[in-house]
Amino acid sequence: MTVTLADVAARARVSPATVSRVLNGNYPVAASTRERVLRAVDDLDYVLNGPASSLAAATSDLVGILVNDIADPFFGIMAGAAQTQIGGPGDGSGRAGGEKLAVICNTGGSPERELTYLTLLQRQRAAAVVLTGGAVENPEHQAAMAAKLAKLADAGTRIVFCGRPPLPEGDALVAALAFDNRGGGRRLTEHLISLGHRRIGYVAGPRERTTTRHRLEGHREALHAAGLGALPAGGDTGGTGAGSGGRGADDDPLVVHGPYDRRSGYEATLELLRRAPDVTAIVAANDTVALGACAAVRDQGMRIPQDISVAGFDDLPFSVDAVPALTTVRLPLFEAGARAGRLAMGKENPPPGGIATIAAELMIRGSTAAPRG
C-alpha cells in the first residue's frame with residue numbers, strides 16, 4: 001500500500017502542512033518537530049514526489065552513480081565512463097533528447113551514507129542507479145541494501161552493479177558486472193613465485209570489503225598451490241579485525257590491512273619490513289597503495305626491484321609512469337563503466353543470468369624481478 005503524506009503526519013503527530021514544510025525545507029520548523037517528521041518518513045519509507053515533470057511518469061530523468069571516493073581514479077574512471085552513456089550523446093544543440101542527468105553520490109566508504117543516497121534517489125524517482133566498487137560484507141547492511149534496492153526496482157528504477165558482486169540475497173538487479181579480483185590476485189602472486197620469490201608481503205585493503213577478500217584469497221591460493229602457505233578456513237582473510245578500514249595485524253604476519261590509500265601503503269610496508277625483514281616482494285591492494293609501498297621501500301634505503309619487488313592492482317593511469325613502471329593487474333575500468341551506463345539506460349541487454357565476470361589482465365613491468373642471491 002502506498003504511504004501518503006497524511007500517513008507520515010499521523011505517525012509524527014503533526015499536521016500534513018508541517019510535514020510538507022519539513023520535506024520542502026521552505027519554512028522554519030522546530031528541530032524536535034523536524035526530527036520527528038524525518039523519523040516517521042524513514043519508518044514508513046515514504047517517497048516524496050519528485051519534480052513536477054516526473055509526476056506523470058514512473059521515473060524521472062535522474063540517474064545516480066554511487067562511488068566510494070570520486071577523487072580515487074578507480075571510481076572516477078568508472079563514473080566518468082558511465083556518464084558518457086547516461087548523459088549523451090547529444091547533438092550539440094543544448095536540447096535534451098532522451099538523455100538523463102547523472103548525479104555522482106560520494107559515500108566516503110560509509111555503509112550508512114550508501115543507504116541514505118539510495119533513499120534520496122528513491123524519493124526522486126531515479127530512472128537508474130549504478131553502484132560501483134566493492135561491497136561491505138556485513139549481513140545487516142546487506143539485508144538493508146537488498147530491501148532498499150527491491151523498493152527501487154519495484155518503482156521502476158534500473159539497478160546496475162559495476163565492479164562489485166551481487167548481494168547474497170536479492171534479485172532486484174538488472175545486472176552485476178563483477179571484476180575477477182580473485183583470479184587477478186592469484187595470477188599476480190603466481191608471477192612473483194615464478195620469479196623465485198618465497199617470502200611475499202601483502203598490503204591488503206579494509207577487511208570488510210569484498211574486493212579485499214577476493215584479492216587476498218587469490219594471493220593465498222597461489223601461495224598454497226606452490227606449497228608456501230595454507231588456505232584459511234572458509235576463505236576468511238584472517239585476523240582479529242582493526243575496526244572499519246583501520247590498519248591492523250592479521251594472523252598471517254606477512255599481511256597488513258589498511259585503507260586503499262597511499263599513506264596506508266607506506267605505513268603498512270614499514271610494518272611488514274619490521275615483522276619480516278627477509279621479504280623479497282610486496283603485493284599492494286591497489287596501485288595507489290603500491291605507490292606508498294614504493295616510497296617506504298626507498299626510504300629504507302632499498303632499491304626496486306633489485307632489493308625488493310613491488311606490485312599493485314587496477315592498472316590506474318599513473319602506474320605505467322611510476323619509476324620503475326609498476327607491475328599490476330589491469331581491470332578494464334572505463335569499459336566496465338561504459339557498459340554499466342548502457343545497461344542503466346536500457347541500451348544493452350543484460351548478460352545471461354544478470355551476472356558477468358570481467359577478466360583481469362596481468363601487466364608485467366619493471367617493478368618486479370627475480371630476488372637477489
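Q: Which residue lies over the face of Phe161, and how do I read such a feature?
A: The general idea is that a charge sits over a ring if NZ of Lys or CZ of Arg is within 6 Å of the ring centre and within 35 degrees of the ring normal. Here, Arg164 lies over the face of Phe161, at 5.3 Å from the ring centre. Arg113 lies over the face of Tyr117 in turn, at a distance of 4.6 Å from the ring centre. Please keep in mind that this is a predicted model, in which local features need pLDDT of at least 70 and side-chain atom pairs count only at pLDDT 80 or more, while totals for chains, interfaces and linings use all residues. Residues are numbered from 1 along each chain as its sequence is written, and side-chain values use heavy atoms, with hydrogens and water left out.

Q: How many aromatic pairs does a search of the whole structure find?
A: Rings of Phe, Tyr and Trp (its six-membered ring) pair if their centres lie within 6.5 Å; planes under 30 degrees apart count as stacked, over 60 as edge-to-face and the rest as tilted. In this structure the search gives two such pairs. For Phe74 and Phe75, the ring centres are 5.0 Å apart and the planes stand at 80°, so this pair is edge-to-face. Phe74 also pairs with Phe179, again edge-to-face, with 6.4 Å from centre to centre and 70° between the planes. Taken together, Phe74, Phe75 and Phe179 make up one aromatic cluster.

Q: Where in the chain do Phe74 and Phe179 lie?
A: Helices (H or I, at least four residues) and strands (E, at least two) are DSSP runs, numbered from the N terminus. Phe74 belongs to helix α4 (residues 73–86) and Phe179 to strand β5 (residues 175–179), so their pair ties together parts that are 105 residues apart in sequence. Overall, the chain has eleven helices and 13 strands.

Q: How many residues does the largest nonpolar core have?
A: In soluble globular proteins, nonpolar side chains tend to be buried together. A nonpolar core is a set of buried Ala, Val, Leu, Ile, Met, Phe, Trp, Tyr and Cys residues joined through side-chain atoms within 4.5 Å. The largest one here has 44 residues, and Ile65, Phe74 and Phe179 have the most contacts inside it. Helix α4 gives the largest share of this core, six residues. Apart from it lies another core of 20 residues, including Ala268, Ala284, Ala293 and Ile304.

Q: Which residues is Ile65 in contact with, leaving aside neighbours within four places in sequence?
A: Contact means heavy atoms within 4.5 Å. By that rule, the partners of Ile65 include Ala79, Ala82, Ile86, Cys105 and Val130, once neighbours within four places in sequence are left aside. Thr269, in helix α9 (residues 262–275), is buried at a relative accessible area of 0%. Not counting residues up to four places away in sequence, Thr269 touches Val203, Ile282, Ala293, Ala296 and Val297. For the chain, 71% of the contacts between residues at least 6 apart in sequence join residues at least 24 apart.

Q: How many disulfides does the structure hold?
A: A disulfide is a pair of cysteine sulfur atoms within 2.5 Å. The structure holds zero of them. Cys105 counts as buried at 4% relative accessibility, and Cys294 is buried at 7%.

Q: What about the loops: where is Pro351 found?
A: Pro351 sits in the loop between α11 (333–345) and β12 (355–358). With a relative accessible area of 8%, Pro351 is buried. Pro351 and Ala175 are 176 residues apart in sequence, yet 7.0 Å apart in space, C-alpha to C-alpha.

Q: And Ala359: buried or exposed?
A: Ala359 is exposed, with a relative accessible area of 58%. The loop between β12 and β13 (361–363) holds Ala359, which touches Asp180, Arg330 and Pro332, not counting residues up to four places away in sequence.

How values were computed. Buried means under 20% relative accessible area, exposed over 50%, partly exposed in between (1.4 Å probe, protein chains only).
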